[in-house]
Amino acid sequence: MSNDSIPTTVRCPTCGGPSLFAPGNKFRPFCSERCRQIDLGAWANEEFRVPAPTPPEDAPFGDPRTED
């Protein structure tokens, strides 16, 4: 029996409940459309952000084409 035929269960990133991580779960890695929409809404509301380095206090701001 190959590992491809064994369904994997993961934790839903939104609710923490079990979620089937398989092609049959169209919401994967989420357990439901509701959890997927909650996560999407959090990104849209900027509750999640990709960290960026803070520019130095004396850094020029404006047109990035003029910055080195």
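A charge sits over a ring if NZ of Lys or CZ of Arg is within 6 Å of the ring centre and within 35 degrees of the ring normal. Keep that criterion at hand for one of the stops below; the model on screen is predicted.

**Whole chain.** Start with a cartoon view. The chain has 1 helix and 2 strands, and in sequence order these follow the pattern β-β-α. Colour by accessibility next: of the 68 residues in the chain, 16% are buried.

**The strands.** Select residues 8–11, strand E1, and residues 18–21, strand E2; the two pair in the antiparallel sense over 4 bridges. Show Arg-11 and look across to E2, where Pro-18 stands opposite. Then move to the hairpin of E1 and E2, which has 6 residues between the strands. Gly-16 in this hairpin takes a positive phi near 85°.

**The charge over a ring.** Select Phe-21 and Arg-28 with side chains shown. Arg-28 lies over the face of Phe-21, at 5.4 Å from the ring centre. With the 6 Å limit in mind, this is the stop to which the opening criterion applies. Aromatic pairs are counted separately, and the structure holds 1.

**The helix and what follows.** Select residues 33–44, helix H1, and continue into the segment after it, where Phe-48 is found. Is Phe-48 buried, partly exposed or exposed? Phe-48 counts as partly exposed because its relative accessibility is 38%, and the partly exposed class lies between under 20% for buried and over 50% for exposed.

Conventions:
Residues are numbered from 1 along each chain as its sequence is written. This is a predicted model: local features need pLDDT of at least 70, side-chain atom pairs count only at pLDDT 80 or more; totals for chains, interfaces and linings use all residues. Side-chain values use heavy atoms; hydrogens and water are left out. Buried means under 20% relative accessible area, exposed over 50%, partly exposed in between (1.4 Å probe, protein chains only). Two strands pair if DSSP finds at least two bridges between them. Rings of Phe, Tyr and Trp (its six-membered ring) pair if their centres lie within 6.5 Å; planes under 30 degrees apart count as stacked, over 60 as edge-to-face and the rest as tilted.
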